Amino acid sequence: MIRLAKLSEMNTIAKMLARCGKHLREQGIDQWDENYPNLSQIEIDIKTETCFICVENETILGCVVLNEIQDEEYFQLNWLTKNDARHLMVHRLGVDPKSQGKGIARALMDFSESYAKTSNYHSIRLDTFSQNQRNQRFYLNRNYIEIGKIFLPYKKDHPYHCYEMIL
């Protein structure tokens with residue numbers, strides 16, 4: 001089941017995302033570290049009702065944040081849709097390492113795409129770390145189109161690949 005996260009689940013979500021970051025670093029992918037995503041960001045995501053979690057038997061298996069917030073670096077790119085259209089942004093998609101490979105990320109993205117369509121967004125935009133080739137294949141296989149690369153201030157060594165899907 002996918003539903004909005006509750007404030008009482010904030011610490012559990014933070015620990016799950018920390019395990020995701022550790023798992024990525026163990027694979028040589030320095031995408032998330034001890035400072036991101038952090039507890040205060042997760043609290044904001046929950047309070048603004050933008051953090052959705054995948055739950056099974058009261059265990060949080062994964063989460064995704066859906067909002068309209070775009071990093072300013074996004075505006076350098078030539079997107080498929082105009083910047084003044086309604087875009088749903090996908091942030092902080094994470095699946096607990098012990099639940100990976102079970103279709104949780106696919107279910108979270110299916111939910112995100114359905115949410116975007118029913119909420120009358122024109123497109124979905126997202127980015128993924130250039131060193132995370134698994135994520136790149138995941139989005140390309142879902143028919144997202146790679147728009148370009150950006151450098152984010154907190155990760156200066158490697159770019160992020162940006163993707164868009166028109167709805």
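**Figure 1. The salt bridge between R125 and E164.** In this predicted model, the closest N and O atoms of R125 and E164 lie 3.2 Å apart, and the two residues form a salt bridge. This pair links distant parts of the chain, with R125 placed in strand β5 (residues 123-129) and E164 in strand β7 (residues 155-166), 39 residues apart.

**Figure 2. The salt bridge between R142 and D110.** R142 pairs with D110 in a salt bridge whose closest N and O atoms are 2.5 Å apart. R142 belongs to the loop between α4 (133-141) and β6 (145-152), whereas D110 belongs to helix α3 (residues 104-118), so the pair ties together parts that are 32 residues apart in sequence. R142 counts as buried because its relative accessibility is 13%, a value under the 20% cut-off. D110, by contrast, has a relative accessibility of 39% and therefore counts as partly exposed.

**Figure 3. The salt bridge between R3 and E9.** The side chains of R3 and E9 meet in a salt bridge, with an N to O distance of 2.5 Å. E9 has a relative accessibility of 13% and so counts as buried.

**Figure 4. Salt bridges across the whole structure.** Side chains of opposite charge can pair when their charged atoms come close. A search of the whole structure finds 10 salt bridges, including the one between R3 and E9 and the one between R125 and E164.

Key: Residues numbered from 1 in each chain as written. Predicted model: local features only at pLDDT ≥ 70, side-chain atom pairs only at ≥ 80, totals over all residues. Heavy atoms only, no water. Salt bridge = Lys/Arg side-chain N within 4 Å of Asp/Glu carboxyl O. Buried < 20%, exposed > 50% of the residue type's maximum accessible area, 1.4 Å probe, protein only. Helix = DSSP H or I, 4+ residues; strand = E, 2+ residues; numbered from the N terminus.
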